[in-house]
Amino acid sequence: MKYNSYIKDTAKVSEIGLGAWQLGQNSGWKSMSEKDAIHLVETAIDYGVNFFDTAPNYGHGSGEERLGKALKIIDRSKVVINTKFGHTHKGITNYKASYIRESLEGSLKRLQVDYVDSLIIHNPPSSYLDGYKNDHYGLLETLIEEGKIKAYGASVDTYKDMKLLISTTNAKVIEAFFNILHQDTARGFDLAKEKDVAIIAKIPLDSGWLSGKYNKNSNFKGIRSRWSKKDIETRAQLIEKIKTIIGEDTHLAQKALSFCLSYDAVSTVIPGNANCNQLKTNVESVNYPLSKNTINELEQFYHTEVKPLNLPW
């Protein structure tokens, strides 16, 4: 495992982090038992993973609770925890500045810690990212002074939102939607480096498409049912083109993660892991870097063939 700088006064973070959405009960995945959830975290630690991304709404709070139980025996200074504000443990959204402290205190209690390394606003409407027009960021600075968080930021999907947040606040963490099929946020990577803002790459496997397990005949339930038949056919065609670029005989998911890690602005990548086998495969991606030529081809492919499609999430 390789480790990168994250934020001031925290340990360096593993290039592959653990996205902890699946740890909770009824999180949109097949429910995982508490025993299996804790085992998954322990296995991740054995592989060298020390970055954990969670949120109050993951399993209506049970995701944070289980993560807290699993990390209880680990030296707190050796692990880095990122949680969120905005999507509540009750299954509703509340982005009001007045709710930040209550949300954080709930997370700290569930995680059984005195502080989190970073607290980010969870995919808010763009209007909340303007530091000149919102009270959130003064409150977040106060939480830093109190030692309850070390840094703050937001989870965003576009370069426009990245730029707004970085330009108007002292945010030091951005969780950015970034993968081979969605490269818009890469436009903000240089600005992030200039301002010492750490990047967490989220949805690196494009909700499973870049794992190679879906095709034009795939059917989806739950949150993935958002894709129309045309969306599915379009994505399937794009995946086949990506395979011709990276090589048909290579492991698509590992190469997709390596693509994200090829950018030095990216501190860590957080693929979902439904089980320990997936976790092992994801961690091993650090051993299979992409060549510069392949990265350039994938960037060109995005700009010429993917970007014009305005591909829906």
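Which residues touch the most other members of the largest nonpolar core? Of its 84 residues, they are Val116, Leu119, Ile174, Ile199 and Ile242. A nonpolar core here is a set of buried Ala, Val, Leu, Ile, Met, Phe, Trp, Tyr and Cys residues joined through side-chain atoms within 4.5 Å, and buried means under 20% relative accessible area with a 1.4 Å probe, protein chains only. A second, separate core has 11 residues, including Tyr6, Ile7, Ile120 and Ala151.

Before going on, a word about the model. It is predicted, so local features need pLDDT of at least 70 and side-chain atom pairs count only at pLDDT 80 or more, while totals for chains, interfaces and linings use all residues. Residues are numbered from 1 along each chain as its sequence is written, and side-chain values use heavy atoms, with hydrogens and water left out.

Now let us turn to the sheet. Eight strands form an open, parallel sheet in the order β3-β4-β5-β6-β7-β8-β9-β10; strands are DSSP runs of E with at least two residues, helices are runs of H or I with at least four, and both are numbered from the N terminus. Two strands pair if DSSP finds at least two bridges between them. At the edges sit β3 (18-19) and β10 (266-269), each pairing on one side only. Strand β4 (residues 51-53) runs parallel to β5 (residues 80-85) and is joined to it by three bridges, with Asp53 partnered by Asn82. Five bridges link β8 (residues 173-177) to β9 in the parallel sense, and here Phe177 has Lys202 as its bridge partner.

Leu210 counts as buried because its relative accessibility is 0%. Setting aside residues up to four places away in sequence, Leu210 touches Pro204, Leu205, Ile239, Ile242 and Leu252, among others, where contact means heavy atoms within 4.5 Å. Ile242, in turn, is in contact with residues including Ile180, Leu181, Leu298 and Phe301. Glu194, by contrast, is 16 residues from Leu210 in sequence and 30 Å away in space, C-alpha to C-alpha.

Key: Buried < 20%, exposed > 50% of the residue type's maximum accessible area, 1.4 Å probe, protein only.
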